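Dear colleague,

I am handing over the structure below, and after it you will find notes on what was found in it. Please read them with the model open beside you.

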Amino acid sequence: MAIQWYPETQEFHLQNTSISYVISLLPDRSPGLAYFGRPLALEGRYSRIVRFEDRALSTHQSDLPASFCLDYAPRECPTYGRGDYRFPALELETEAGSPVILDLQYLEHRIYQGKPPLKKLPATYIESLDEAESLTLTLEDGASHLQVQLHYTLFKDHPILARRITVHNEGGQVLRIRRAYSAVLDLDTSNWDFIYFSGAWARERHTNRNPIGPGLQSIGSNRGSSSAQHNPSAILARPETTETAGEALGVLLVYSGNFSIDVELGSHGDTRLGLGINPFGFSWRLAPGESFETPEALIAYTDRGFSDLSLHFHRLLGRRLARGQWRDRERPILINNWEATYFHFDEQKLLDIAQSAKDLGIELFVLDDGWFGQRNDDTSSLGDWEANREKLPHGIEGLARRVADLGLAFGLWFEPEMVSPNSRLYREHPDWAVGSPLSKQTLGRNQLVLDMGRSEVVDYLFESISRLLSAAPISYIKWDMNRQMTEPLSSALPPDRQGEFFHRYIIGVYELYRRLTEAFPQVLFESCSAGGNRFDAGMLAFAPQAWTSDDSDAIERLAIQWGTSYFYPPSSMGAHVSAVPNHQVGRITPLWTRAGVAFFGAFGYELDPGKLSESEKVEIRAQVDFYKAWRRVFQFGDFYRLAGGPAGDANFVAWMSVSEDQSRAVVLAVQTLARPNPGFRRLPLRGLKADLQYRVQVRPAVPVKDEASVRYNEGLRRGDELLQVGLLLGGDGWNGVSRGDFASWLFTLEA
Ligand code: DGJ
């Protein structure tokens with residue numbers, strides 16, 4: 001790993017064993033991207049890769065050659081107003097509203113070992129100085145004295161760069177930032193597919209892949225959270241790129257608020273990709289002497305297909321973004337009472353669930369919504385974080401101790417950021433609600449949002465939650481957030497600063513997370529937002545797992561977990577077995593398939609064990625034992641998508657995880673609809689050691705000894721054969737054993 005500055009050619013070369021990133025100072029003294037891709041030799045000089053040409057209708061600055069037209073230049077921090085008509089990275093105006101036309105020129109730079117933390121925002125980190133090297137490039141606009149620092153960190157073991165900017169007002173006048181993207185990447189080719197992860201409640205992060213065309217394409221959120229609609233992550237890939245081969249660039253924003261990711265195909269074969277805080281409605285007042293930091297963007301390159309990109313993101317996010325005692329620890333198998341009872345429970349009902357769960361081998365009981373204030377439906381009490389004594393006569397403390405006496409850990413649901421109009425908190429502090437300057441506020445799930453930008457709100461929540469965490473043996477918190485925002489106004493901000501609301505809100509959320517995780521390091525936090533409405537890297541920095549989606553149907557989860565897995569590791573995906581007919585789609589799937597899909601995540605159950613038949617209990621006990629024996633591989637193994645996804649057969653999905661030492665692996669294959677007389681299907685595996693012998697076993701809950709999957713696959717097989725040829729599926733012919741719709745096969749491999 002090296003970051004070099006070559007004064008004679010005015011270029012920086014950031015290089016590790018997987019990538020080179022070459023920044024060249026352009027004729028206007030601004031930094032431009034000369035190269036991003038497989039490593040180039042440090043001995044070479046690459047500034048000449050940047051090409052310029054004088055064209056009709058192009059513009060140039062009076063003191064520079066006519067050939068230097070900003071509209072096609074690859075710019076690291078593009079601004080509008082001097083001939084670049086693509087979307088900018090940075091936009092500012094004066095206090096009176098006049099646009100500031102910037103001319104950001106190189107001032108100085110610093111190259112150093114390590115990676116500094118951000119002041120208020122979560123980011124990736126290092127544990128020893130030799131894990132990363134950083135470059136800070138300082139640019140200055142001579143007229144306004146605005147300084148912009150471009151921060152780059154290169155990780156030694158990943159093809160990933162962390163980028164962000166800080167903006168400093170070194171001049172004498174107040175400025176207002178209208179846009180400050182974390183990173184812009186100008187690529188000199190245009191044959192890219194844009195891949196992004198979109199949906200809505202209960203169908204989050206479905207994978208979309210479209211070729212880019214002329215003009216601007218944008219995804220983002222203006223909903224106050226990163227959102228179920230679009231995830232703050234995207235990939236540019238060559239049309240021919242697959243899971244196993246080809247070029248792909250992955251970008252991810254470490255941020256949980258309003259974001260934007262833009263792709264613009266320029267007019268001369270160039271592509272601009274940019275990401276950061278959504279400029280829609282955003283403004284930030286920057287008085288003389290003040291600075292603003294953007295969230296961190298992670299940017300990766302591979303020429304080995306999507307699996308390689310995902311593996312690196314999983315490792316970096318799992319090991320150097322997630323933090324705390326639970327980062328590397330196996331996560332407990334939990335039971336959550338939400339789908340078992342919704343709001344209708346009392347202490348005895350909960351203890352019955354906990355007792356049955358204990359009998360099944362489950363480790364953690366989680367009490368969901370409905371335990372506080374007068375909360376018997378979703379119309380009241382958010383904000384009043386004290387136990388409902390009618391339901392829980394011994395309070396949370398008494399319940400948690402009784403659950404502990406049964407031999408289970410205890411977890412509790414909160415929705416800290418919300419307030420019900422029908423609550424003591426709202427009656428006492430109506431101005432703490434977002435939008436309170438207005439007489440009319442829009443409700444979402446009958447609730448309002450607390451203004452997390454106010455320190456007194458963060459203090460109140462810290463004290464209420466701490467009180468419970470100190471009094472009761474609580475080892476897990478599910479932190480929910482069940483609506484999107486409206487009337488984004490704060491009664492604590494003056495009129496000219498209302499554009500700061502959304503960003504201040506999310507900084508307040510991070511502050512509360514930081515204080516709670518520091519005060520209670522033993523507690524495992526799971527983030528949630530009506531399922532996956534805030535499943536992002538900002539949350540992952542505090543909560544090492546998140547409730548992936550409210551949709552727990554195994555077949556729907558195939559698409560959701562598939563899309564989520566491009567960037568986020570299995571250990572981050574909360575995944576539960578729920579009852580059938582499924583509560584979201586009414587589908588009836590086999591218990592084994594429900595477990596098989598949920599195994600590839602932070603596993604649990606979300607049903608009433610009292611309603612299970614004896615045979616279902618036997619099967620669940622076997623699932624729990626099996627998961628415990630393979631938990632490390634499922635949660636922390638290298639994950640590979642094998643078959644399915646947007647380019648695959650919609651009827652067949654397969655994925656696998658391999659232990660770090662490659663000695664153990666688990667493979668899941670799911671057939672959505674059964675077909676008569678199916679053809680054979682080879683499923684080549686990934687990540688194994690070619691020269692090891694693996695014992696392959698089929699793991700149905702109740703073994704079907706005669707089945708083709710057993711006959712064809714079980715036994716000792718060499719790694720090279722499994723990699724090149726693979727498992728054999730689909731051999732159950734006219735007189736074979738048909739498992740019906742939604743059947744699945746789970747294989748274990750042990751060296
Ligand atoms: C939405 C969550 O995603 C559910 O799991 C559950 O906690 C409900 N909220 C409770 O209101």
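**Backbone notes**

L57 has its place in the loop between β4 (31–37) and β5 (90–94), where helices (H or I, at least four residues) and strands (E, at least two) are DSSP runs numbered from the N terminus. Please keep in mind that this is a predicted model, in which local features need pLDDT of at least 70 and side-chain atom pairs count only at pLDDT 80 or more, while totals for chains, interfaces and linings use all residues. Residues are numbered from 1 along each chain as its sequence is written, and side-chain values use heavy atoms, with hydrogens and water left out.

The phi of L57 is near 70 degrees, a positive value in a residue other than glycine, and L57 is exposed, with a relative accessible area of 90%; here buried means under 20% relative accessible area, exposed over 50%, and partly exposed in between (1.4 Å probe, protein chains only). R205, which is not a glycine either, has a positive phi of about 55 degrees and is found in the loop between β11 (193–198) and β12 (206–211), but R205 counts as buried, at 2% relative accessibility. A cis peptide bond, with omega about -10 degrees, joins V580 and P581, and P581 lies in the loop between β29 (573–578) and α10 (591–599).

**A hairpin**

Strand β1 (residues 2–6) and strand β2 (residues 11–15) run antiparallel and are joined by 5 bridges, where two strands pair if DSSP finds at least two bridges between them. A2 stands opposite Q15 in β2, and the two strands form a hairpin with 4 residues between them, in whose turn Q10 has a positive phi of about 55 degrees.

**The ligand**

Which residues are closest to the ligand? They are D368, D369, K478, D480 and D550, out of 13 residues that surround the ligand, a residue being near if one of its heavy atoms lies within 4 Å. By class, this shell has 5 nonpolar, 2 polar and 6 charged residues; Ala, Val, Leu, Ile, Met, Phe, Trp, Tyr, Cys and Pro count as nonpolar, Asp, Glu, Lys and Arg as charged, and the others, Gly among them, as polar.

An oxygen atom of the ligand is 3.1 Å from an N or O atom in the side chain of W413, and for R445 the corresponding distance from a ligand oxygen to a side-chain N or O atom is 2.8 Å. A polar side-chain atom of K478 lies 2.7 Å from an oxygen atom of the ligand. Taken alone the ligand exposes 300 Å², and the protein buries 98% of that, with accessible areas coming from the Shrake-Rupley method with a 1.4 Å probe.

**Salt bridges**

How many salt bridges does a search of the whole structure find? The search finds 53, a salt bridge being a side-chain nitrogen of Lys or Arg within 4 Å of a carboxyl oxygen of Asp or Glu. One of them is formed by the side chains of D496 and R176 (3.6 Å, N to O). D496 lies in the loop between β26 (476–479) and α7 (501–519) and R176 in strand β10 (residues 175–187), so the pair ties together parts that are 320 residues apart in sequence. D496 is partly exposed at 34% relative accessible area, whereas R176 is buried at 9%.

In the salt bridge between E500 and R497 the closest N and O atoms are 3.0 Å apart; E500 is buried, with a relative accessible area of 0%, and R497 is buried at 19%. Finally, a network of salt bridges links R75, D84, R86, D186, D270 and R272.

How values were computed
Polar contact = N/O pair within 3.5 Å; in protein donor to acceptor, adjacent residues only side chain to side chain.
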